[in-house]
2 protein chains.
Amino acid sequence: MLKQETLSKNQQIVLDYIEKVNEPIKAYSILHNVQKKGIKAPLQVYRALDKLVEIGKIHKIESRNAFVACKNSNCQISKATAFSICENCEEVSEISDSKLSKYLKNFQDKAGMKFNKYNLEFFGLCKKCSIK
Amino acid sequence: MLKQETLSKNQQIVLDYIEKVNEPIKAYSILHNVQKKGIKAPLQVYRALDKLVEIGKIHKIESRNAFVACKNSNCQISKATAFSICENCEEVSEISDSKLSKYLKNFQDKAGMKFNKYNLEFFGLCKKCSIK
DNA sequence: TGTTAATTGTTATAATATAACATTGTGTAA
DNA sequence: TTACACAATGTTATATTATAACAATTAACA
């Protein structure tokens with residue numbers, strides 16, 4: 001079979017919802033919100049999430065156990081992700097910085113490990129929360 | 001009260017165990033292994049872990065929900081962590097690269113966010129697993 | 001010594017995620 | 001068009017990770 005080009009029903013439902021909310025959202029919150037579309041069980045959500053992460057349509061914010069739609073150039077850098085996370089309001093933004101991604105892609109550790117993926121999460125205060 | 005200088009009983013028990021195993025370990029596995037020392041409940045472990053993370057004695061590997069002792073210059077960079085993770089054998093190493101940490105510490109995102117912490121996880125194949 | 005904060009102990013439960021298995025759908029090639 | 005392989009679905013149960021709530025105890029120190 002050729003590489004999948006269209007999403008399956010459940011995958012599309014989950015992706016549509018994640019893109020709509022436009023901020024990191026948790027699996028069970030997704031479940032709650034797509035039940036009217038016929039998705040009934042956690043596994044149906046998790047399976048869709050797994051696939052969507054795999055193909056780069058969404059990313060997982062590991063420190064928050066949450067999922068967010070990819071914003072970068074139509075998902076071409078799904079294996080190289082960077083986020084900024086406000087520790088006060090929990091706002092999360094995907095960082096799109098070619099210099100940073102170039103630097104990290106080319107990073108070589110001392111043990112000679114061959115990287116094919118990375119995830120970077122910055123924490124701090126967003127502009128709004130800094131002022132307060 | 002001054003900043004804590006000595007660890008409490010449970011904190012010390014948990015830290016001793018994490019340092020002994022010398023690889024990422026999960027909370028419930030810690031619990032299982034320190035029960036002979038009198039720690040009986042998950043919360044006792046999680047509270048110790050929280051504190052140890054806070055003071056930089058250990059780090060959490062977010063993508064694995066596991067904890068590992070800090071290896072870097074006596075834990076001075078606990079707020080700036082970087083790890084390499086082998087996706088085959090799950091070996092995890094803390095990266096100590098002053099150029100990398102300098103680069104990331106000084107990184108400014110476009111939204112003007114002020115960072116005080118970051119966590120970076122690289123994924124790939126370690127030397128051993130690359131050969132196979 | 002009294003006060004405050006940190007730590008502990010304990011039970012219960014919340015939140016996150018996967019196992020296992022049966023069934024259905026879909027692309028491809030014989 | 002049938003047969004194969006694989007992807008996706010549906011479902012129930014359960015595993016794993018983490019926190020709430022509250023009472024009791026310990027440690028630092030003004």
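Predicted model: local features only at pLDDT ≥ 70, side-chain atom pairs only at ≥ 80, totals over all residues.
Visitor: Through what do the copies meet?
Guide: Of the interface residues of chain B, 100% are also interface residues in chain A. The copies therefore meet through the same surface.

Visitor: In which sense do strand β5 of chain A and strand β5 of chain B pair?
Guide: Strand β5 covers residues 114-125 in chain A and residues 114-125 in chain B, and the two strands are joined over eleven bridges. Within this part of the model, Lys117(A) stands opposite Phe123(B) in β5(B). The sense in which the two β5 strands pair is antiparallel.

Visitor: Which are the edge strands of the open sheet?
Guide: Six strands form the sheet in the order β4(A)-β3(A)-β5(A)-β5(B)-β3(B)-β4(B), with mixed pairing. An edge strand pairs on one side only, and this holds for β4 (92-94) of chain A together with β4 (92-94) of chain B. Neighbouring strands of this sheet are turned by 20 degrees against each other on average, direction ignored. The edge strands are thus β4 of chain A and β4 of chain B.

Visitor: Which helix of chain A lies across β3 and β5 of chain A?
Guide: The helix in question is formed by residues 98-105 and runs at about 125 degrees to β3(A), the strand of residues 80-86. In chain B, the helix of residues 98-105 packs on the sheet and touches β3 (80-86) and β5 of chain B, again with about 125 degrees to β3(B). The helix of chain A is α4.

Visitor: Are α1(B) and α3(B) roughly parallel or roughly perpendicular to each other?
Guide: Helix α1 (residues 9-21) and helix α3 (residues 42-54) of chain B have axes 9 Å apart and pack at an angle of about 80 degrees. Angles of 65 to 115 degrees count as roughly perpendicular. The two helices, α1(B) and α3(B), are therefore roughly perpendicular.

Methods. Residues numbered from 1 in each chain as written. Chains lettered and ligands numbered in written order. Pairing = 2+ DSSP bridges. Helix = DSSP H or I, 4+ residues; strand = E, 2+ residues; numbered from the N terminus. Axes fitted to C-alpha atoms, helices over the stretch in contact; angles between N-to-C directions. Contact = placed C-beta atoms within 7 Å. Parallel < 35°, antiparallel > 145°, perpendicular 65-115°, else oblique.
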